[in-house]
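Me: I would like to learn how to read a few features of a model. Can we take them one at a time?

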Amino acid sequence: MQTEDKVLDKLAGVRSADIEAALDPAEADGVFRDSRECAGLALFAGGGKLLLSPPTPRPKKG
Amino acid sequence: MEQSGTSTLLQGAVQDLASSVVSALRSGDHTHVLPAGTEEAGDVTLAAVRVLGADALLPGTLLRTPPDPAGLAVFRKAVEAYPPRADAAPTVRWSHWAMARALHRADPSGTFERPDEPGTGWLDGASWQFLTHQLAVLAPLALPGEDDGVTRAAGRRTVDVARGFVRAVRRRDWRQAAGAGRWLTLLPGVPETLGLRAGLEFVELMGGQDPQVALQLEAARLLARTGALV
Amino acid sequence: MTATGTREIREVAEHALAWTDAHLAAFALGEDALSADGEVDHSWKPLGELAQVCATVSHHTAPQDPLHTRAAAMLDFAWGQTGEGELFRHMQRLEPFATYPLEVYGAFASAGYRHRAYEEAAAVVARTRSWWLTEQEPTRRLAVLSAEERSGIRRAPVEELLPAGTWLAGRPEPWTFERDAGYAATHVVFHLTDWGRDPAGLPPALADYLHDWLPAWLDTCLEAGMWDLSCELLSVAATVPRLTGDPALGGAWERIRAAQRPTGALPELEHHSGDTEAAGADDDPHYFMNHYHSTLMAAFAAVLTTARPGGPAGEGTEGTGRKGPRHSGQGAPA
């Protein structure tokens, strides 16, 4: 019981500060990340020979 | 920042309460938002009610349904248990005042006395960034038909709040964005180019899993339906 | 916070141009400027940007002003690098359909450095249907149109050439702003206003749009340490009449001043500046590439800001947003 009381006391003691902090919060840090650019997929497939030839047909699975 | 055990506990309780408010706003049934009586409400719950502020009564306020007496008693207890200290920050004072107003509205025949409206001097000449942050923290004040000092201050600076919304989204501060968005659904003269409706949808997509974000967005949805400030 | 006034903003330009002058050799055209596999972005692009910024600085400053003298001297240097324009003619023989030589030439032409034979030659290519049908980003197309006008070879008046198809002209939701959209937007404004010389070239609807949202973009770019884009946005702010001196931009110049290195250099991004600076600056080829553009843009923005009749933007660091008189949209610097 004694320990429980202590915990409760502590809870009560910290809480008003916690409440104030929750009601007057500092601004969160900004998070910034820009979109990356993925070149047209044909560019990767063709190793730079963009749009010159269609992709090599692959055998169908199954 | 390290958080104390109570702080974590409190935050969890606030999130739970916010979730209940969101459900109530969505379903229209708000009888179970607050604990059914002051006996059931522990300290952490009461503190959570204080933190969520007037929004704990938001379903009744926006859906215009009569208050649940047991829940109202809990709300009143939270208002009385945590009055702002003399040197409390303006947002602490205003949030308490907003609770008192909500209590008075919900139970006009009650014995509760409304405190005087706090001052708005801290918003005079505030940068648009600071203004928006403070308004977002005080989003429970964003209600239709109100004419308090903070609402008037917001109404004079619509474009600045809209800039703050843009900034908040850019910074991925979804809570601030949602709070500012709620204000913008009420403020006159929001530039068309802001794309507020799409913006609120975007904030929901990105941050809607946070009940405190969802609450503001749900409120904004209802406000957009019920009309702007007079 | 203390207010950043005209003098402090001017110092940003002075320091930036001092750094530029000290690194002039790095702007010189080497052999790779002409070779088929040379990187144009490391040769012609920096030289063109040097020319553009110096053209703007000398345009907006009085002849006895040290800023003017320095900019004019660097412009002479840059023109000298092109063999007084001969290299444009040469480039055209090598790559007749390339647009970048004309874009670079346009910067010189706007400052009165002309090479008639090149202009006539460029006009021949510009008369082909293909020149117009080349697939380009809308912002790039605007750059080419602007270069044609500056070089005296274009066919349609610029008023007819609305920046349709660009991100900015569509007035998109401002909270979708990102780096690439930002650069596209600033360049649309640069082309429409002849790099700040003619603020009236900005359609009123775009000026209103920028008035409303540029402050939020600028603030977040500054917070992210994106100094290069921040300076471009400050340059644009200087050409939007209602943003002139607007407290909504408060503190921006102070942050640029704080970011500027003692050498006058301004890194493109705060977070990758440390590597190249620590590595011994001048010996590192990345150092120049990571600093030259933002440093030039700092000078560009500072000169445009201080040249505006309304005085520096953000002179008061806190304020109430939209108070104060609205400018009519006129009042272009002479």
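This is a predicted model: local features need pLDDT of at least 70, side-chain atom pairs count only at pLDDT 80 or more; totals for chains, interfaces and linings use all residues.

Reply: The side chain of C:Thr305 comes to 2.6 Å from the backbone oxygen of C:Ala301.

Me: Where does C:Thr305 lie in chain C?

Reply: C:Thr305 is part of helix α14, which covers residues 285-307.

Me: Is C:Thr305 buried or exposed?

Reply: Compare relative accessibility with the cut-off: under 20% means buried. C:Thr305 has 3%, so this residue counts as buried.

Me: Now the interfaces. How many residues of chain C are in contact with chain B?

Reply: Read contacts and area together. On the chain C side 26 residues touch 23 residues of chain B. The two chains bury about 2,000 Å², with 59% of that from carbon and sulfur atoms. In chain C, the most area is lost to chain B by C:Trp175, C:Trp213 and C:Thr220, together 34% of what that side buries.

Me: Which residue forms a salt bridge with C:Glu223?

Reply: Look for paired charges across the interface. B:Arg171 pairs with C:Glu223, their closest N and O atoms 2.7 Å apart. The rule finds two salt bridges between chain C and chain B. The chain C side that touches chain B has 12 nonpolar, five polar and nine charged residues.

Me: What area do chain A and chain B bury between them?

Reply: Apply the reading again. The area is about 1,900 Å², 57% of it on carbon and sulfur atoms. Here 19 residues of chain A meet 25 of chain B. Three salt bridges cross this interface. One joins A:Glu27 to B:Arg167, with closest N and O atoms 2.8 Å apart. The chain A side facing chain B holds 10 nonpolar, one polar and eight charged residues.

Key
Residues are numbered from 1 along each chain as its sequence is written. Chains are lettered from A and ligands numbered from 1 in the order in which they are written. Side-chain values use heavy atoms; hydrogens and water are left out. Contact means heavy atoms within 4.5 Å. Buried area is the accessible area (1.4 Å probe) that two parts lose on being put together, summed over both. A salt bridge is a side-chain nitrogen of Lys or Arg within 4 Å of a carboxyl oxygen of Asp or Glu. Ala, Val, Leu, Ile, Met, Phe, Trp, Tyr, Cys and Pro count as nonpolar, Asp, Glu, Lys and Arg as charged, and the others, Gly among them, as polar. Helices (H or I, at least four residues) and strands (E, at least two) are DSSP runs, numbered from the N terminus. Buried means under 20% relative accessible area, exposed over 50%, partly exposed in between (1.4 Å probe, protein chains only). A polar contact is a pair of N or O atoms within 3.5 Å; within protein, one must be able to donate a hydrogen and the other to accept it, and residues adjacent in sequence count only if both atoms are side-chain atoms.
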